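Me: Please take a close look at one part of this model for me: the place where the two chains meet. Then connect it to the fold behind it.

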Amino acid sequence: MESDVLLRKTFEVHGLDFDKAGETSAEVKAILSDIGMDPDIILRAGVVTFEAEMNVVMYAARATVIFTLTEEDLSIEVVDDGPGIPDIELALQEGYSTASDEMREMGFGYGMGLPNIKKTSDRFELGSEVGKGTRLLSVIHLNAK
Amino acid sequence: MSALAHGFRIDEEKCQGCLACMRVCPTHAIRVRQGRARYTPERCIDCGVCLSSCQWGAIAPTTSSVKDLCGFKFRVAIPSPVLFGQFPAGISPAHISQGLLMLGFDAVWDFAVEISLVDRAIKEYLENWKGPLPLISVACPVVVRLVQVAYPRMVDQLICIQPPREIAGREAKRRYSGELGIPRDQIAAIHITPCQAKTISILEPAERVESNLDGTLGISEVYNAIVASANTMKAEPEKPPKAVPIRSAALLRSCLGDGLSQVLAHHRYLHVTGISNITQVFDDIEKGRLRNVEFVEAHSCWSGCAGGNLTVANVYVTLSKMQSLLDRLPDMDRETLAEVERRYSTEDFGLGRPILPRPARGHSGNLSERVRAVREAEALLTKLPGLDCGLCGAPTCKEMAKDVSIGDALLSECIYHSNDLQRSRESKRIPKEK
């Protein structure tokens with residue numbers, strides 16, 4: 001049974017908007033800190049949102065980030081209309097990256113984003129269709145297992 | 001739990017409720033209610049900006065006084081390097097040190113050695129660190145408190161190395177206790193400080209371990225006595241000052257921001273001053289934008305400690321004087337270097353205990369109650385004018401909405417919602433906006 005939703009927020013992230021990259025994760029962190037959430041949970045939520053946001057900024061035109069909080073967990077769902085990931089298993093390998101040199105110069109695209117999200121999440125789902133887009137779901141349990 | 005000690009107190013008699021301090025407080029710790037300023041101790045980071053903003057003299061710093069020194073058998077002054085840049089031309093470091101002796105100190109400690117030791121310890125710590133970057137210096141107590149209060153996720157990035165003044169306090173006690181046969185607790189190590197924040201780092205260390213220092217005297221509190229004693233000395237040129245002046249440039253360099261940068265030359269390092277600039281940098285760290293920076297040295301005051309609120313001289317004049325003093329001193333004398341070598345391998349520079357986040361107010365109740373308060377605050381915010389005028393006694397509409405949501409304020413305290421205004425609007429038949 002899914003428990004009652006306490007809070008839900010939706011954010012729009014735009015591709016190539018490096019200037020604004022990190023804003024959504026900052027907002028998510030601010031909300032969680034207003035709620036008085038445990039710093040460790042805030043840190044993890046921040047990492048997941050930031051990495052997901054960076055992926056959108058680098059590869060997709062736009063995406064929606066849906067943040068949902070319940071008594072048990074918080075989830076971050078990112079749905080984009082980007083090029084899609086042809087080989088998900090490969091994309092989840094540390095160090096695998098298709099980033100351009102330009103992106104690497106800016107300090108991004110080291111192939112740590114998706115693996116990092118997976119590592120940080122308690123539950124992780126990644127689905128993608130080439131040419132259509134990608135859906136990522138990361139769930140963090142509020143009470144340590 | 002006892003209330004947190006802070007570096008200043010508000011005198012309710014003198015406070016005029018003028019809102020000046022409330023508007024400048026970087027952590028929004030101050031509210032003006034019933035015409036008097038009050039602050040939330042958990043939010044105060046001891047930056048002292050309120051102190052400088054109060055034109056009524058209602059906010060006073062907490063420091064020790066010369067009287068507090070009487071209870072000790074031996075008193076060591078550990079002056080901030082900034083002290084040496086405060087005085088008019090003609091008052092030399094030797095005059096200044098002698099002035100401190102005249103004030104009642106038995107010795108003046110040049111902590112160049114401790115600065116060099118700590119710089120090395122920082123470098124070694126950084127090179128072995130496997131956690132999140134950048135690491136952040138703990139030299140400025142305000143920066144430590146800012147992280148605890150506003151960036152609780154970053155507390156692990158505060159470097160667990162004691163600041164040089166603490167190491168100096170420990171060494172001064174050890175040395176004089178050995179040389180003079182006086183128990184350590186009979187020796188007072190007093191920091192001559194450019195700001196009240198250092199006082200608070202001694203009274204209430206962020207890492208919850210007892211400080212090696214026993215108190216502080218503000219530079220402004222010793223200034224006049226030093227000038228007077230220097231003038232007496234200059235009138236009697238046959239009796240030159242006996243006190244040991246500063247030995248090398250190392251002491252002053254730390255305050256000019258290029259001491260640590262030399263040590264960390266091969267590391268990516270930022271030196272940031274001014275609380276608004278620090279906030280920007282910390283926001284960027286939180287957003288993950290500064291991943292390639294390894295170390296941040298941050299000082300709450302503009303241009304660092306020379307801009308402290310207990311200094312006397314203009315900050316730029318101070319910096320220029322320190323620079324010209326530095327140019328005349330040897331870079332690092334052999335004695336200092338030898339002492340650094342000897343002590344580095346045997347001393348422990350660790351903080352003792354890690355620094356933890358400081359819990360904020362209004363976070364009582366279970367999760368759904370807290371979420372309800374946050375949602376209520378969001379809803380309330382849409383009813384507020386968004387002008388951040390501060391007339392309600394809270395610094396911004398957002399803060400006011402939070403205050404109302406947790407029952408700390410009434411919506412009617414907002415001038416846009418006050419009954420008086422409603423009545424006058426109705427009498428003037430101004431249509432109410434939706």
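Reply: Start with the area. In this predicted model, chain A and chain B bury about 1,900 Å² between them. Carbon and sulfur atoms account for 55% of that. Three residues stand out: A:L6, A:D34 and A:I35 supply 27% of the area that chain A buries against chain B, more than any other three residues.

Now the contacts. On chain A, 26 residues are in contact with 18 residues of chain B. Two salt bridges cross the interface of chain A and chain B. A:D34 forms a salt bridge with B:K402, with the closest N and O atoms 3.2 Å apart. Five residue pairs are in polar contact between chain A and chain B, counting pairs with both residues at pLDDT 80 or more.

Which elements carry this face? Strand 1, helix 1, helix 2 and strand 2 of chain A each supply at least two residues. Helix 1 of chain A gives the most, with six residues. By type, the side of chain A that touches chain B has 13 nonpolar, five polar and eight charged residues.

Next, the fold behind it. Chain A has an open sheet of five strands, in the order 1-2-3-5-4, with antiparallel pairing. Its edge strands are strand 1 (5-14) and strand 4 (123-129). Nine bridges join strand 1 to strand 2 (residues 62-70) of chain A. Helix 1 (residues 23-35) of chain A lies across strand 1, strand 2 and strand 3, at about 160° to strand 1. Helix 2 (residues 39-59) of chain A packs on the sheet too, touching strand 1, strand 2, strand 3 and strand 5.

Technical notes. Residues numbered from 1 in each chain as written. Chains lettered and ligands numbered in written order. Predicted model: local features only at pLDDT ≥ 70, side-chain atom pairs only at ≥ 80, totals over all residues. Heavy atoms only, no water. Pairing = 2+ DSSP bridges. Helix = DSSP H or I, 4+ residues; strand = E, 2+ residues; numbered from the N terminus. Contact = heavy atoms within 4.5 Å. Axes fitted to C-alpha atoms, helices over the stretch in contact; angles between N-to-C directions. Buried area = accessible area lost by both parts, 1.4 Å probe. Salt bridge = Lys/Arg side-chain N within 4 Å of Asp/Glu carboxyl O. Polar contact = N/O pair within 3.5 Å; in protein donor to acceptor, adjacent residues only side chain to side chain. Nonpolar A, V, L, I, M, F, W, Y, C, P; charged D, E, K, R; others polar.
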